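Please look through the sequence and the structure below before reading on. The report that follows takes up a few parts of the structure in turn.

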Amino acid sequence: MSKNKDQLIAAAREAATKAYAPYSDYQVGAALLFDDGAIITGTNVENASYGLTVCAENVAVARAFGEGRRGGLTAVAVVGPLDKGDGSPITPCGRCRQVLNEIAGLGGTDPVIYCVGRDEVREVTLAQLLPHAFGPSHLD
Ligand code: THU
């Protein structure tokens with residue numbers, strides 16, 4: 001495993017411990033790696049009005065935008081609870097794929113996504129998860 005990959009997954013795991021998920025009890029952590037080495041994390045944030053829940057990836061992207069980032073996204077790690085379901089790696093939900101595509105598209109990158117499961121880390125690119133994506137370049 002590369003150092004970057006290890007660090008990114010560790011950051012996502014650490015982020016998951018800060019999740020606010022009292023309704024689903026499903027803690028998710030996401031970590032974004034940028035081309036300058038910066039890592040920005042997010043957790044899911046649930047709400048008593050259930051439909052207002054925000055996913056971990058979405059929070060991480062919002063934080064990145066809030067820090068002025070507009071591209072440069074090279075990798076993402078996502079981790080859910082490893083003791084739930086069949087332990088297979090979770091992948092970003094559809095909305096999160098589109099949200100990730102916004103910041104990736106601004107910098108013209110196709111980040112690798114490390115989807116962390118109980119026994120494996122599945123590596124896919126964002127373009128594989130969201131083929132034929134609509135993005136910022138369509139509005140030029
Ligand atoms: N969740 C994420 O944070 N990211 C995903 O990509 C899928 C789902 C969260 C939302 C909710 O708080 C919990 O997982 C259960 O759906």
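## After helix α2

In this predicted model, α2 is followed by G68, a residue whose phi is positive, near 90 degrees.

## Helix α2 and its packing

Helix α2 spans residues 56-66, and its buried residues are A56, E57, N58, V59, A60, V61 and A64. These buried residues of α2 pack against the strands β1 (29-34), β2 and β3 (73-79), and also against the helix α3 (94-107).

## The ligand and its surroundings

Two of the buried residues of α2, A56 and E57, are also among the residues around the ligand.

In the side chain of N44, an N or O atom is 2.9 Å from a ligand oxygen, while for the side chain of E46 the corresponding distance is 2.5 Å, and a polar side-chain atom of E57 lies 2.7 Å from an oxygen atom of the ligand. The ligand taken alone exposes 380 Å², and the protein buries 78% of that area.

## A nonpolar patch on the surface

Y20, Y23, V45 and Y50 make a nonpolar surface patch of about 440 Å². One of these residues, Y50, is placed in the loop between β2 (39-43) and α2, and Y50 counts as exposed because its relative accessibility is 60%, where exposed means over 50%.

How values were computed. Residues are numbered from 1 along each chain as its sequence is written. This is a predicted model: local features need pLDDT of at least 70, side-chain atom pairs count only at pLDDT 80 or more; totals for chains, interfaces and linings use all residues. Side-chain values use heavy atoms; hydrogens and water are left out. Patches are made of residues with over 30% relative accessible area and no salt bridge: like charges are joined within 9 Å, nonpolar side chains (Val, Leu, Ile, Met, Phe, Trp, Tyr) within 5 Å. Accessible areas come from the Shrake-Rupley method with a 1.4 Å probe; for residues, only the protein chains shown count as cover. A salt bridge is a side-chain nitrogen of Lys or Arg within 4 Å of a carboxyl oxygen of Asp or Glu. Helices (H or I, at least four residues) and strands (E, at least two) are DSSP runs, numbered from the N terminus. Buried means under 20% relative accessible area, exposed over 50%, partly exposed in between (1.4 Å probe, protein chains only). Contact means heavy atoms within 4.5 Å. A residue is near a molecule or strand if one of its heavy atoms lies within 4 Å of it. A polar contact is a pair of N or O atoms within 3.5 Å; within protein, one must be able to donate a hydrogen and the other to accept it, and residues adjacent in sequence count only if both atoms are side-chain atoms.
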